[in-house]
Each structure stands twice: as C-alpha cells, then as structure tokens.
Amino acid sequence: MKALEGLDSAFEHRARLAIAVLLARHGEISFARFKQELDMTDGNLGAQLRRLEDEGYLGLRRDFVERKPVTWYALSKPGRKALDKHLAALRAVIAASTV
Amino acid sequence: MTDSERVQQDLDYVRNVVRHHDADLGVPAIYFLWAVIILVGFALPDLAARLAGRYWLLAGIGGGLLSWWLGARDAKRSGLNDVALGKRHGLHWLITGVAFLLSALPLIVGRGDPGAAVGNFLLIAGLSYALAGVHLNRPMLWSGLLMLAAYGALQLFAPPYTWTITGIVIALSLAWAGLSAQRARNAGSLQ
C-alpha cells in the first residue's frame, strides 16, 4: 500500500505516537506524568522516549520540583513536522482501506 | 491483523490517552482562593460600601497574581506545563481586569452612579466566569451563570442584601467546584 510509505517508523509504536500527540497538544510533560498517563514501566517508557530523542523529535529539560529532580519533555520543530506527516499518512491508510 | 486494523487500534489507544488528559477540572486551590475573595468582596457593598472599591482593586490584582503562582506551582507538581493554556488563562483574566477598570472609570472621573457601576461589575464578572467555564474550566460556568442570575434579580427586584446573598451562593459554588476538582484528582491518582 502506497500510503504506508509515508509512515514514520519512530511513531509506529503506539506509546511513542501517544507521547508525540500529548506533547503536540500540551507543550511540556514530565517523565512521571507520562508514566502515570500511559501506565508504563520506567524502563519501557525511558526506551520509547529515548527513541524519539535519538530521532531529534524531542527536547528535554531538567529541573527540580520540591527538591526532587524532574525531566521535562517537549516536541522539537522537526518532531512536530514529522508527527504532522505521520498523521497525514495514517489518514491516507484509513481512507484507502475504507474505499 | 491488517494494517488498517492495527492503525485503528493504535489511534483508539491515543484517543483514550488524550481524552483522559482533557478531563482536567482546574486547580482546586484557585477555586478556594476566589471563594474567600468573593465571599468578603460581595458582602462589602451591603455592609461597608466605601471599602468595596479599594478591596476589589487590591484583591483583584493580588488574587490574580496569587492565582498565577498557584497555577504555575500546580503545573510543576502535576508534571504538565501547558504554556498555550496558561497564556489563554492569562489573556482571559487580563481582559476581565481591563473590563472591570473600564466599568469603574465613570466613578473614577466622578461622573458615575455607584449603583449602576456595581451592577456592571457583577455583569462583567458573570460573563467572564461563564465564558471561562465554556473555554477553560467547566466548573466556572455555574458560578458565572449564578452571577448573571443575581444581576437579573438585582435589576428587577432590588432586594435587600442581594450582594451578600449572591456572594455566599457564588462562594459555595466555587467551593463545590474546588472540591469536585480535588475529588477528580484523588480518584485519578488512585487509578
């Protein structure tokens, strides 16, 4: 299927897609909040975030909240572009399957 | 499983995650803060009218700044820093503040009727809270509608202690909104 070619492998895992969609919608989200929302283990979530970071799709910032270290994640410009492209490809996949 | 079925399942998962995120009812501490400010501030026109203007100038600005600080602290604690939403809140309440100042302008230049000005104040507050309920946090809608109903009662019947009674009702509705938000958060953190 031609539409599948537009899909970005970085977003093929549904947790990574959810991470990107949440960041596109809300701006900055902490590691702990992702863990709570996505119901994932530290190791699994860390691996998914690292994959997006390695692609250059995420930026991170370290901060302290009530003397505890917090890592904040945000979608980078290339990440937002890639997500838009991936979502357009997903729409094409669904449209092609319903014809 | 076909590609389109897998895509559909992934999108369902994402939709559920996003929907869970959107269920935020606001910051409980901000509701409680404004319940207290409004309870005192709405009693003043009935009980000590000369203090009302100064009180609202100080409590309006101070309460706005404290709300901003509480919102920022809540964002840090909850791990969700939504800058765009924060800007929307800031712009909404800044416009409300400007409208309050404009409604007080006739009094400041000495040409206004105090009775009409306090009525306008209630109308602006009601409109601002109701629209905040539509666009920002739903529980504010009920407080806003109560204020608008109180404005109507004030204009039609001019009953005694309308301001005090309205303040009590709004404070109770805000306290209820704060408790609902707190309960929703506790329920979420237990899941």
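Visitor: What makes strand β1 (residues 28-30) of chain A and β1(B) a pair?
Guide: Two strands pair if DSSP finds at least two bridges between them. Here 2 bridges join β1 of chain A to β1(B), so the pair qualifies. The two run antiparallel, and A:Ile29 stands opposite B:Leu80. A strand here is a DSSP run of E, at least two residues; a helix is a run of H or I, at least four, numbered from the N terminus.

By the way, this is a predicted model: local features need pLDDT of at least 70 and side-chain atom pairs 80 or more, while totals for chains, interfaces and linings use all residues. Residues are numbered from 1 along each chain as written, with chains lettered from A and ligands numbered from 1 in written order.

Visitor: Which parts of chain B touch chain A?
Guide: The contact (C-beta atoms, placed from the backbone, within 7 Å) takes 20 residues from chain B and 23 from chain A. On the chain B side, α1 (3-21), α3 (49-78), β1 (80-81) and α4 (83-108) each supply at least two residues. The largest share, 11 residues, comes from α1(B).

Visitor: Why is α2(B) called roughly antiparallel to α3(B)?
Guide: Helix α2 (residues 28-47) of chain B packs against α3(B) at about 175°, axes 9 Å apart. Angles run from 0 to 180 degrees between N-to-C directions, with axes fitted to C-alpha atoms over the stretch in contact. Over 145 degrees counts as roughly antiparallel, so α2(B) and α3(B) get that label.

Notes:
Contact = placed C-beta atoms within 7 Å. Parallel < 35°, antiparallel > 145°, perpendicular 65-115°, else oblique.
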